[in-house]
Amino acid sequence: MKENRVSSTLKAIIYIVLGILLCCSIIDADNLPNWLISISMIVSGSAMIFVSLILLRSILSDMGSTGTILLGFGIFFLPALPHYQNIQWVWGIALLMMILGCAYFLEGILRILRKDKGMGINIYLMLFGAAVFALGICLWLIDSFRAYAGLMMGICFIVYGVLYLIGLATHKDILIIKAK
């Protein structure tokens with residue numbers, strides 16, 4: 001399903017703004033997932049309560065109760081509250097990167113052992129897997145690397161947002177990667 005141009009442009013601008021905020025250290029990279037989870041839960045919970053009030057004229061319906069629970073959890077995850085318990089997302093992201101890196105590397109090896117066509121793809125999978133694994137190890141072990149991970153993530157968001165806007169302006173999908 002194709003998105004309309006307004007929502008696509010808005011998405012690209014949000015990526016660019018998030019990237020700029022991360023690069024300027026206004027948003028801490030470790031708190032970014034909490035902000036995103038919190039805001040999405042607050043918005044969806046409020047929407048569910050509102051829809052329950054409009055359609056069913058009650059907050060105590062299934063939808064309204066679920067919306068109330070989502071709203072409560074959204075406020076709980078809000079990093080701006082005084083008794084906020086920080087969840088260390090960087091450790092989880094580092095573990096995920098190490099596991100994904102191993103999976104890509106092993107897929108490259110398996111494709112070579114199966115004698116699949118496209119040796120370049122197999123080598124690319126192995127190199128990509130090794131690079132992602134190395135970044136995960138660096139994120140796990142090196143404190144100064146963790147400190148600049150937000151800057152790197154911000155740069156990636158900015159580049160992605162700009163490429164997305166260029167694709168919208170030229171009417172070409174330049175961010176689509178096809179793999180078999």
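**Close-up views of a predicted model**

**View 1. Tyr15, Phe157, Tyr160 and Tyr164 make up one aromatic cluster.** The model shown in this and the following views is predicted. A pair of aromatic rings is described by the distance of the centres and the angle of the planes. With ring centres within 6.5 Å taken as a pair, the count comes to six aromatic pairs. One of them joins Tyr15 and Tyr160: the ring centres are 4.9 Å apart and the planes stand at 90°, so the pair is edge-to-face. Tyr15 belongs to helix α1 (residues 5-23) and Tyr160 to helix α7 (residues 149-170), so this pair ties together parts that are 145 residues apart in sequence. Tyr15 is partly exposed because its relative accessibility is 25%. Tyr160 has a relative accessible area of 33%, so Tyr160 is partly exposed too.

**View 2. Trp91 and Trp140 form an edge-to-face aromatic pair.** The distance is 5.2 Å centre to centre, with 80° between the planes. Trp91 sits in helix α4 (residues 89-113) and Trp140 in helix α5 (residues 119-141). The pair links distant parts of the chain, 49 residues apart. How exposed is Trp91? Its relative accessible area is 29%, so Trp91 counts as partly exposed. Trp140 is partly exposed, at 32%.

**View 3. Helix α5 has six named buried residues, listed here with their cover.** The buried residues of α5 are Asn122, Leu125, Gly129, Val132, Gly136 and Leu139. Which elements cover them? Among them are α4, α6 (143-147) and α7.

**View 4. Glu107 and Arg114 meet in a salt bridge.** How many salt bridges does the structure hold? The structure holds one. The side chains of Glu107 and Arg114 come to 3.9 Å, N to O. A salt bridge requires the nitrogen within 4 Å of a carboxyl oxygen, so the pair counts. Glu107 has 30% relative accessibility and is therefore partly exposed. Arg114 has 49% relative accessibility. Exposed means over 50%, so Arg114 counts as partly exposed.

**View 5. Nonpolar side chains form a surface patch of about 900 Å².** Phe50, Val51, Leu53, Ile54, Leu55, Leu56, Ile59, Leu60 and Met63 make the patch. Which helix gives the most to the nonpolar patch? Helix α2 (residues 32-56) does, with six residues. Val51 lies in α2. Its relative accessibility is 32%, so Val51 counts as partly exposed. Patch residues need over 30% relative accessible area, so Val51 qualifies on that score.

**View 6. Arg57 has a positive phi although it is not a glycine.** The phi angle is about 55°. Where does Arg57 lie? Arg57 is in the loop between α2 and α3 (62-76). Is Arg57 buried or exposed? Arg57 is exposed because its relative accessible area is 76%, and the cut-off for exposed is over 50%.

How values were computed
Residues are numbered from 1 along each chain as its sequence is written. This is a predicted model: local features need pLDDT of at least 70, side-chain atom pairs count only at pLDDT 80 or more; totals for chains, interfaces and linings use all residues. Side-chain values use heavy atoms; hydrogens and water are left out. Patches are made of residues with over 30% relative accessible area and no salt bridge: like charges are joined within 9 Å, nonpolar side chains (Val, Leu, Ile, Met, Phe, Trp, Tyr) within 5 Å. Accessible areas come from the Shrake-Rupley method with a 1.4 Å probe; for residues, only the protein chains shown count as cover. Helices (H or I, at least four residues) and strands (E, at least two) are DSSP runs, numbered from the N terminus. Buried means under 20% relative accessible area, exposed over 50%, partly exposed in between (1.4 Å probe, protein chains only). Rings of Phe, Tyr and Trp (its six-membered ring) pair if their centres lie within 6.5 Å; planes under 30 degrees apart count as stacked, over 60 as edge-to-face and the rest as tilted. Contact means heavy atoms within 4.5 Å.
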